[in-house]
Amino acid sequence: MALPKLETPKYEMEIPSTKEVVEYRPFLVKEEKLLMIAQETNDSKEIIRVMRDIIEACTFNKVKANNLTVYDAEYIFLQLRSKSVGENVDFQLKCSECNTPNRVTLHLGDVGVYSPPNMELVSNKVELTDKVGMTLKPVSMKNAATVDNQSEDMITNLLISVIENIYDEDNVYPADNTSTEELVEFVESLNHEQVTQIQKYISSLPSLQHTIVFNCINCKTKNEQVLNGLQDFFV
């Protein structure tokens, strides 16, 4: 006799960048186990791969994770985690004045995607010379695995990950159709000022962010701590 099938609850959320409403379910024990195994490896590529798989499975394959920006993917995963594990996360945050640890509870439903106030003023077009330029784009989940914080090539890979295309007077060269070797050579030929322009664009991108405010239990000092990026919410 077959065992009964368990019904999984369904919810809706809005993808921040597109405003598209998608249906999703919590992740299951088998998926949580895969995530825990990936986290234990401390391999960023494996963690991102599992995250992409879970996002697609929990959105009934309606969301193609590789096409998501990193901040959209982090927001979606936070919603999945909220409905799967619990809506509250406890932190031990040290007071900036007396260094006393304070227990602070964050409701994940309060977390959103933060857009810097100057975002609209920063162009995604960077004119490198009077003849050569590039078009930039937010880091996608497809490219995120190449940006390893532990790698000595992290800066080069980060710069490559935001290039949509390179153009000159005659042609446009899509990054997706250009070899990694060519992109590395191109990026490593940039000067400091040109890199600064790209970094300015990266800094203007939205991010998963929340500011926690608490009064120290010891000295009563008001503290503010900014959590930025998915990793900060699950330390």
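Visitor: Welcome me in: which pLDDT do local features need here?

Guide: Residues are numbered from 1 along each chain as its sequence is written, and side-chain values use heavy atoms, with hydrogens and water left out. In this predicted model, totals for chains, interfaces and linings use all residues, side-chain atom pairs count only at pLDDT 80 or more, and local features need pLDDT of at least 70.

Visitor: How many salt bridges are there?

Guide: Side chains of opposite charge can pair when their charged atoms come close. Here a salt bridge is a side-chain nitrogen of Lys or Arg within 4 Å of a carboxyl oxygen of Asp or Glu. By this rule the count is five.

Visitor: Is R25, which meets E31 in a salt bridge, buried or exposed?

Guide: The N to O distance between the side chains of R25 and E31 is 2.8 Å. Buried means under 20% relative accessible area, exposed over 50%, and partly exposed in between (1.4 Å probe, protein chains only). E31 has 8% and is buried. R25 has a relative accessibility of 11%, so R25 counts as buried.

Visitor: What separates R49 and E46 along helix α2?

Guide: Helices are DSSP runs (H or I, at least four residues), numbered from the N terminus. The R49 and E46 side chains form a salt bridge at 2.6 Å, N to O. R49 is partly exposed at 36%, and E46 is partly exposed at 27%. Because R49 and E46 are three residues apart in α2 (residues 44-58), what separates them is about one helical turn.

Visitor: How far apart are the closest N and O atoms of E87 and K83?

Guide: E87 counts as partly exposed at 33% relative accessibility, and K83 does too at 31%. They form a salt bridge, and its closest N and O atoms are apart by 3.0 Å.

Visitor: Which residues do salt bridges that share partners join into one network?

Guide: The R49 and E46 pair belongs to this picture, with its salt bridge of 2.6 Å. Shared partners join one network made of E46, R49 and D53.

Visitor: How far apart are the end C-alpha atoms of helix α3?

Guide: The expected span is 1.5 Å times one less than the number of residues. For the 15 residues of α3 (residues 70-84) that gives 21 Å, and the end C-alpha atoms agree, being apart by 21 Å.

Visitor: How many of the 15 residues of α3 are buried?

Guide: Among the buried residues of α3 are Y71, F77 and R81. The helix is mostly covered, and the number buried is twelve.

Conventions: Helix = DSSP H or I, 4+ residues; strand = E, 2+ residues; numbered from the N terminus.
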